[in-house]
Amino acid sequence: MGGELRVGIARDVVNMAPWLSQGASVYIIQQNVYDNLINYDDDGNLAPELAVSWEVVDPQTYVIHLREGVVFHDGDTFDAEDAKVSLDMMRDPTGTSALAPQLADVEEVNVLDPYTVELKLSQPNVVVFSALASSTAHILSKEWLEAGHDLNTEMNGTGPFIFSEFEPGVQTVLVKNEHYWKEGMPYLDKVIAVPYRDDSARINALLSSEVNFIEYVPYIEFDRLKQDDAYSMYAGVGPYNFLHLNVNEPPFDDARVRQALNYLIDRDLLIQLTAGGAGVPIEVGLLQPDDPYYNEDLARWKFDPDKALELLQEAGYENFSDISFVLTCSTVTVHKDPAEAIQATLQGFGMNVEIKYIDVPTLLDYRQNGGYVAMMDGQSAAYQDPDAYSAYFETGAPGYSTATDFSDETLDELLAKGRVESDFETRKQIYHDFEERLLELTPWYFGYFRPQGEAMEAKVKGYRRWPGLLGAHSTSRFEYVWIEE
Amino acid sequence: MINYIIRRLVQTAITTFIVVSLIFFLVHLLPGDPARTILGGMTAQPTAEQIAAVREQLGLDRPLHIQYLTYLRDLARADLGESLVNNRPVLDDILLRVPRTLQIAVPALILATIVGIPLGVVAARRRRRMGDLVISTISVAAFSLPSFVSGLLLVVVFSINLQWLPASGWVSPADDFAGFLSRIILPTIALAVAPAGLIMRMMRSSMLEQLGQDYATTARAKGLTDQKVVYGHVFRNSMMPVVTSLGLQAGFLFTGSVIVENVFNWPGIGNMLLDSVLNRDYPVIQGMVLVVSLAFVLINLITDLTYGLIDPRIRYD
C-alpha cells in the first residue's frame, strides 16, 4: 500500500494561514497537515483527535484531556501549551479566525497540566465542541508560532502529511509523515494537489490520467463517471442554494410575497435543470432530513402556484405580473445556472425578473453590505449544529442580517437559549420553535441541498465520505487512502 | 535613429504612468474588498470587526490619495509591493510567470507566421481558384474560432481519445524537457489558430494589392517570370501591413493567453491576472497591468523599427 496521489483541486491555494475558512480545495491541503482537538467519526459524531476525551465540569467549565506522544512535523512535542495558544488565536475576535464568533463565550483557556486544558466560559455554550471539530480548528505549535514563521506560506502541524512544496498555479506537494500518531498511517507516500479552476479542464485531467482524483465533479459528469468501471464516484448533498431576499425593499418587504416565491419556484425542476437531478429540495429550513434536529411537521415548501397567487393577493397584488425585481447572481456556475432557471420559471408565470451578474468579490461585498433586492447564493454550514443558523439570522450576523437590517427578537432569544441548553430534547424543541418563527418570517427563498462529489480512478482505494453536510469536508482524511498497483 | 528611440522611450514612460494611475483608481473603485477575500472567500462569514482589523493591517483604511502616493513612491524604486493575499513579492511572481507565458506565446507567433504567410501567398497567387477558396475558408474559420473551443477540441481529440499528449499542466523544462515539449504543443496550437488565420488574410489582400500595382505590371512586361515578380519585388512590399498586424498579434497573444492558460491550466501570467482580479489583490493587478502595457509598448516600438528594414525609404528622425 502506498503510492502518489495526484489531486485536481478547483482553485489554487493562495494562502496557507490557519483558522481561515477557505473552502474544500484548501481543506485538502490544510486538514491533511493540521489536526484538530476534536473531529468526526465515520457516522458524523464528534470523535477524539488530538484530544482523547472532554468533559463538562460545570456549565461554564469544560475540560479537555489531550493525547500524549504526538509530535509536530518539526519534531516538537505536542502538549497543553500548544493547545492553549492555538485556542487563544482561534477565539481572537480581531484576528482572522473563522471560528471567533462561535468561540466568543470562551473567556479563558488554562493549562491544568501538560496534557489537560480547561475552558472557562462567560456563559454556557454547548456549540463549542462542534466548533472545535470544524475544518478550521487547527492546532499549531507554540514554539513554532513564537519563532515568527510566515503563516501565509509555511505550515507545521501534527497531521498525516507534511507540507513540502508550493508552486503558485502549478502544484502543492505533501509528503508522508513517518511519525504520524495513528499507527501505520498514512498509506500514501505523497499527495500532489494541482489547481484546475476550469471545470472541463479538471474533468479532462482525470479522463486523461493527468490526475487520479478530482473534487467538485461537474453535475453533468456524475452519471457518466458512476457508470464507468474505470472510476469510483462518491457524492452526497451538502451545500444549500437559496435566494437572499431584502426584507426592507419592495416587493419583498412583505412576508407573504417572500412565502409566495417559496411556493412558486419548483425545487424539483431546479434540481433537474441545474444539479443533474441529484439534489434534495428544502421543505423546512437549512437542516437536512437526516439531521437529529429536523422537524418533519414543519415541512411545507411544495410547488403550489395557487397558494402563491393567494398569498400575493393577500399582500395586495392582483396577479403575478404585478411583481418585478432584479435578481443578482455571481457568474459561478452553481449560482448562475439556478438563477437563470428561476428567472425562466418566474417569467413563465408573468413576473418580470431581470438578472444582474456580479463577480465573486462583489458577491462577498453584497453579502455583508447589501445592495440587492434578491440575490442567489450557495453556502454550507460551518459546523454540524443547528446553531449554524446564527451565522445568517441572528441580529448583526455577517451572512445575511447586517446586509438587510434583518432582526427579530424571538429568533435572537431562541438562538441564545439553544447555545446554553445541553439537554437534547429541550434543545430540539428550541430549534423547532426557532424554525417555526423563521418560516413565519421567511427571509429567504429556501432552494435545495445541492450535490457535491469526488471522482477517482478505480485504483484509488480507501476514500471515506462523511454523511450529510460533512461530506464536503471528506477530502481532509487522505490518511485512509492508498493506490492499488 | 538613437534620437527616435529615446523619444519613444520617453513617450513609453508617460503612457505607462497614465496607465498605472488609471488602473490604480479603477481597481479601487471596483466593488469587493481584498480583506474579505483574505478572510476566506465564498465559504467564510467574517465579522465586520475582523474585516476592519485586516483592512487596517494592510493599510487599506488610509485615504486613497495617500495610498496612491505611496504606490507611486514604491514604483519609482522599482518596488511593485507584495501580494495582499499571500505576501509574496509581486515582481518575483511576475518574473516567474512571464517566461511561462512566453513559452507558449513565442512558439505560437512563430507557428502562426510560418503557416499564415505562405498560405496567404498561395491564396493570392491562385486568386478565385480552388486553392484560394479552400485556404480563405479555413482562415475565416480559424480566426472566428474562440480559443477555448479550439483548445477543448484539441484536448478531447489528442489527450482523451488518442491519448497522445497531456491534457494540461506545466513542467519545468529544466526538470523534464520531453515532458515540457509534449505539454506546449496543444496550447501553442490553440493560441496560434486565430492569429494564423488573420495573418493569412492580411498577407493575401496585401499581396493582391501589390500585384495590381504598376511596378508589378512593368516587371512582368519586361519579361520577368512570375516567380521573380512575386518573390523579388511584390513579396517584400506586401510585408508592411503584415508586420503591423504581427506586432498587434504579439500583444494580443500575451493577453489572449488568459483564456488558453485557463483551458490548459498553464501557470502563466494569464492565470495570475485572473486570480488577482478575483482576489481583488490590488498590488498584483497593478503589477500585471504595468507589465502587460510595457510589453505592448515595446512590441510596438520593435514593430516600428522593423519597417526600416523592410522599406529603406523609412527614416527615423
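**Exercise 1. In this predicted model, find how many residue pairs are in polar contact between chain A and chain B, and work out which parts of chain A supply the side that touches chain B.**

Solution. Begin with the polar contacts: between chain A and chain B, 18 residue pairs are counted, with both residues at pLDDT 80 or more. Next, turn to the elements of chain A, where strand S8 (161–167), strand S10 (190–195), helix H5 (199–207) and helix H11 (360–369) each supply at least two residues of the side that touches chain B. Among the contributors to this side of chain A, H11(A) gives the most, with 8 residues. Then look at the charged pairs, for the rule finds 4 salt bridges across the interface of chain A and chain B. One of the salt bridges joins Asp275(B) to Arg197(A), and the closest N and O atoms of this pair are 2.6 Å apart.

**Exercise 2. Describe the extent of the contact by stating how many residues each chain gives and what area is buried between chain A and chain B.**

Solution. First count the residues, which come to 49 from chain A and 47 from chain B. Then consider the area, since the size of an interface is often given as the accessible area lost when the parts come together. Between chain A and chain B about 3,900 Å² is buried, and carbon and sulfur atoms give 51% of this area.

**Exercise 3. Decide whether Ser21(A) is buried or exposed, and state which residues Ser21(A) touches.**

Solution. Start by locating Ser21(A), which is found in the loop between strand S1 (4–9) and helix H1 (24–33) of chain A. Its relative accessibility is 9%, and because buried means under 20%, Ser21(A) counts as buried. Finally, leaving aside residues up to four places away in sequence, Ser21(A) touches Tyr27(A), Ala98(A) and Thr136(A), and from chain B Leu39(B), Gly40(B), Thr43(B) and Ala44(B).

**Exercise 4. Classify Ile271(A) and Ile18(B) by their relative accessible area, and place each in its helix.**

Solution. Take Ile271(A) to begin with: this residue lies in helix H8 (residues 267–274) of chain A, and at 3% relative accessibility Ile271(A) counts as buried. Its contacts, not counting residues up to four places away in sequence, include Gly276(A), Pro281(A) and Tyr448(A). Now take Ile18(B), which lies in helix H1 (residues 2–29) of chain B and which, with a relative accessible area of 48%, is partly exposed.

How values were computed:
Residues are numbered from 1 along each chain as its sequence is written. Chains are lettered from A and ligands numbered from 1 in the order in which they are written. This is a predicted model: local features need pLDDT of at least 70, side-chain atom pairs count only at pLDDT 80 or more; totals for chains, interfaces and linings use all residues. Side-chain values use heavy atoms; hydrogens and water are left out. Helices (H or I, at least four residues) and strands (E, at least two) are DSSP runs, numbered from the N terminus. Buried means under 20% relative accessible area, exposed over 50%, partly exposed in between (1.4 Å probe, protein chains only). Contact means heavy atoms within 4.5 Å. Buried area is the accessible area (1.4 Å probe) that two parts lose on being put together, summed over both. A salt bridge is a side-chain nitrogen of Lys or Arg within 4 Å of a carboxyl oxygen of Asp or Glu. A polar contact is a pair of N or O atoms within 3.5 Å; within protein, one must be able to donate a hydrogen and the other to accept it, and residues adjacent in sequence count only if both atoms are side-chain atoms.
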